[in-house]
Amino acid sequence: MMLRSTIRVALLFAATSAFAQMNGNIASSADTQQNTRPSVLQQVGIDQRLGESLPLDARFKDDTGKDVTLGDYFHSNRPVLLAIVYYDCPMLCTQVLNGMTSALDVLKFSAGKEFDVVAVSIDPRETPEIAAAKKKTYIQRYKRPGAENAFHFLTGQQSAITAVTKAAGFRYVWDEKTQQYAHQSALILVTPEGRVAQYYYGIEYSPKDMRLGMIEASKDKIGNLADQVVLFCYHYDPTTGRYGAMLMNLVRAGGALTVLATRRIHVHIDPERTS
């Protein structure tokens, strides 16, 4: 019995650590004994707000110290990939930004052409200088021309931060014991009009899902005909943040391709029959 109890406690601790940016001291002894999630983590999560409008009038400072609004980064055709993080985060936020940049490096779309990247710090104490240093790191990792004008790292007052996180469904909390923010990890895709379109969970992201999501979010203003065929066969699953195959659409697409192939063969053979 003692061994089983020890295993349960160990598994609970591992699960809560992966769930949020915390360290081993976050759980109180009472929480652990009751085999429940630590009270701090009950305030942490991501509530999907698909279709919700972000507060584009929320005021921030960019990484140069310039006063901006969130709406300054939304254009007629380009969706925005939003990362809600904080720049001095010792672990999880760095993993989110690393995972984002790794996926974007594979993506054929380029920041500044087909989409933009906006990072918003949840820590009102952070400064444009801190944001600029973090931005420099990811511009160097991304290595594509024009990235410095497409990556935007913002800082702001608590009122603006709260407005954005509430609209996006991003719940987080400051933990006094660890002197860190507890939060989950995700990227949020936003339409050019500023509406929440998709969530990508975790710290590793699928370039294919990002590409399809960006095409849908832009209302087909980016991408090509092949992308439209793929979108016809796949649909976005908000519970997983990924695209899954739609069986009937795959069957229909396969049937259409078969018909087209048959017609091409017929057109090729028919002249020989009449000669």
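Tutor: Counting rings of Phe, Tyr and Trp (its six-membered ring) as a pair if their centres lie within 6.5 Å, with planes under 30 degrees apart called stacked, over 60 edge-to-face and the rest tilted, the count comes to seven aromatic pairs. One of them is the tilted pair of Tyr142 and Phe151, at 5.2 Å centre to centre and 45° between the planes. The model is a predicted one, in which local features need pLDDT of at least 70 and side-chain atom pairs count only at pLDDT 80 or more, while totals for chains, interfaces and linings use all residues. Residues are numbered from 1 along each chain as its sequence is written, and side-chain values use heavy atoms, with hydrogens and water left out.

With buried meaning under 20% relative accessible area, exposed over 50% and partly exposed in between (1.4 Å probe, protein chains only), Tyr142 is buried at 1%, and Phe151 is buried at 0%. Tyr199 and Tyr201 form a stacked pair, 6.2 Å centre to centre with 5° between the planes; here Tyr199 is buried at 0%, whereas Tyr201 is partly exposed at 27%.

Tyr86, Phe170, Tyr172, Trp174 and Tyr181 form one aromatic cluster. Arg125 lies over the face of Trp174, 4.8 Å from the ring centre, where a charge sits over a ring if NZ of Lys or CZ of Arg is within 6 Å of the ring centre and within 35 degrees of the ring normal. The side chain of Arg125 also makes a polar contact with that of Asp123, at 3.0 Å; such a contact is a pair of N or O atoms within 3.5 Å, and within protein one must be able to donate a hydrogen and the other to accept it, while residues adjacent in sequence count only if both atoms are side-chain atoms.

Asp123 itself is buried, with a relative accessible area of 5%, and is found in the loop between strand 5 (116–121) and helix 4 (128–142), where helices (H or I, at least four residues) and strands (E, at least two) are DSSP runs numbered from the N terminus. Leaving aside neighbours within four places in sequence, Asp123 is in contact (heavy atoms within 4.5 Å) with Tyr86, Ile161 and Tyr181. Tyr86 and Tyr181 belong to the aromatic cluster described above.
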